[in-house]
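The report below goes through a two-chain model, one chain at a time and then the contact between the chains. Please read it alongside the sequence and the coordinates.

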Amino acid sequence: MADNRPCKAELLDWINTVSFVCDDTKLFLDTHPCNTEALEFYEEFKNQRMQALQEYAKYYGPLTLDTMCTPADKWKWIDTPWPWQEGGC
Amino acid sequence: MWNYEKRLQYPVKITKTNPKIAQIILTQYGGPDGELGASMRYLSQRYTMPYKEVTGILTDIGTEERAQKRYR
């Protein structure tokens, strides 16, 4: 099977990284709402995060509800393991 | 208002059980000076905060602190 699916662990690592960037920049922007440099920085990583989450959902199941692929016949949120279970994130 | 993602903010891999350390971590989470108490303080102080910059950060930090649950 020829596919170019990304490495699961690497992709998850990347999601954790960019998510942390977003979380921390968010806190900075709360108290510096007009800092254009930080605004630009946030925008960039917000997009990177969305892209990575969509990629992950496509191959390994959804990590967020709004990136979940929803076929008409099956709700997929409950299929992948929870963080405290074997194989969870 | 509350929302979650199906992943931990920081990956935790526990290889062997250690009740002694689990006890300390549990206190850190729910004890008198734990994260749960801290989050409730942030989130209740936010209501009387007159500056929106600080209301925002109290809400966000309180939310973060709330989500510090460690599993397994």
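## Chain A: overall form

Chain A contains 2 helices and 0 strands, and the description here, like that of the rest of the complex, rests on a predicted model. Along the principal axes, the C-alpha atoms of chain A occupy a box of roughly 45 × 30 × 25 Å.

Of the 89 residues in chain A, 12% count as buried. When contacts in chain A between residues at least 6 apart in sequence are considered, 41% of them join residues at least 24 apart.

According to UniProt, in an unreviewed entry, residues 10-85 of chain A are listed as "domain: Protein CotJB". In the model this span is 62% helix and 0% strand, and its end C-alpha atoms lie 19 Å apart.

## The two helices of chain A

Helix H1 of chain A covers residues 8-31, and its end C-alpha atoms are 36 Å apart, which agrees with the 34 Å that its 24 residues should span at 1.5 Å a residue. Three residues of H1(A), namely A:Ile15, A:Val18 and A:Thr25, are buried, and the buried residues of this helix pack against helix H2 (36-60) of chain A.

For H2(A), the 25 residues should span 36 Å at 1.5 Å a residue, and the end C-alpha atoms are 36 Å apart, so the two values agree. The buried residues in H2(A) are A:Arg49, A:Ala52, A:Leu53, A:Tyr56 and A:Ala57, and H1 of chain A is included in what covers them. After H2(A) comes A:Gly61, which has a positive phi near 95°.

## Two further positions in H2(A)

A:Glu43 lies in helix H2 of chain A. It counts as exposed because it has 11 C-beta neighbours inside 10 Å, and a residue is classed as exposed at 12 or fewer. Although A:Glu43 and A:Thr25 are 18 residues apart along the chain, their C-alpha atoms are separated by 10.0 Å.

A:Gln51 is also placed in helix H2 of chain A, and with 14 C-beta neighbours inside 10 Å it counts as partly exposed. From A:Gln51 to A:Thr25 the distance, C-alpha to C-alpha, is 18 Å, with the two residues 26 apart in sequence.

## Chain B: overall form

Chain B has 3 helices and 0 strands, and along the sequence these follow the pattern α-α-α. Its radius of gyration is 15 Å, well over the 11 Å that the globule rule gives for 72 residues, so chain B is more spread out than a compact globule. The box filled by the C-alpha atoms of chain B, taken along the principal axes, is roughly 45 × 30 × 15 Å.

Buried residues account for 1% of the 72 residues in chain B. Among the contacts of chain B between residues at least 6 apart in sequence, those that join residues at least 24 apart make up 37%.

## A position before H1 of chain B

B:Gln9 belongs to the segment before helix H1 (19-30) of chain B. This residue counts as partly exposed, because it has 15 C-beta neighbours inside 10 Å. B:Gln9 and B:Ala67 are separated by 58 residues in sequence, while the distance between their C-alpha atoms is 8.7 Å.

## Contact between the chains

How many residues does each chain bring to the contact? Chain A contributes 14 residues and chain B contributes 12 residues. On the side of chain A that touches chain B, the residues divide into 8 nonpolar, 4 polar and 2 charged.

## Confidence of the prediction

For the complex, the predictor gives an ipTM of 0.82 and a pTM of 0.85. Chain B has a mean pLDDT of 88, with 93% of its residues reaching 70 or more.

Definitions and conventions: Residues are numbered from 1 along each chain as its sequence is written. Chains are lettered from A and ligands numbered from 1 in the order in which they are written. This is a predicted model: local features need pLDDT of at least 70, side-chain atom pairs count only at pLDDT 80 or more; totals for chains, interfaces and linings use all residues. Two residues are in contact if their C-beta atoms, placed from the backbone, lie within 7 Å. Ala, Val, Leu, Ile, Met, Phe, Trp, Tyr, Cys and Pro count as nonpolar, Asp, Glu, Lys and Arg as charged, and the others, Gly among them, as polar. Helices (H or I, at least four residues) and strands (E, at least two) are DSSP runs, numbered from the N terminus. A residue is buried if 20 or more other C-beta atoms lie within 10 Å of its own, exposed if 12 or fewer, and partly exposed in between; C-beta atoms are placed from the backbone. UniProt positions are given in the numbering used here, feature names are shortened, and annotations may be inferred rather than shown by experiment. The radius of gyration is taken over C-alpha atoms; the globule rule is 2.2 Å times the number of residues to the power 0.38. pLDDT is the predictor's confidence in each residue, from 0 to 100. The expected span of a helix is 1.5 Å times one less than its number of residues.
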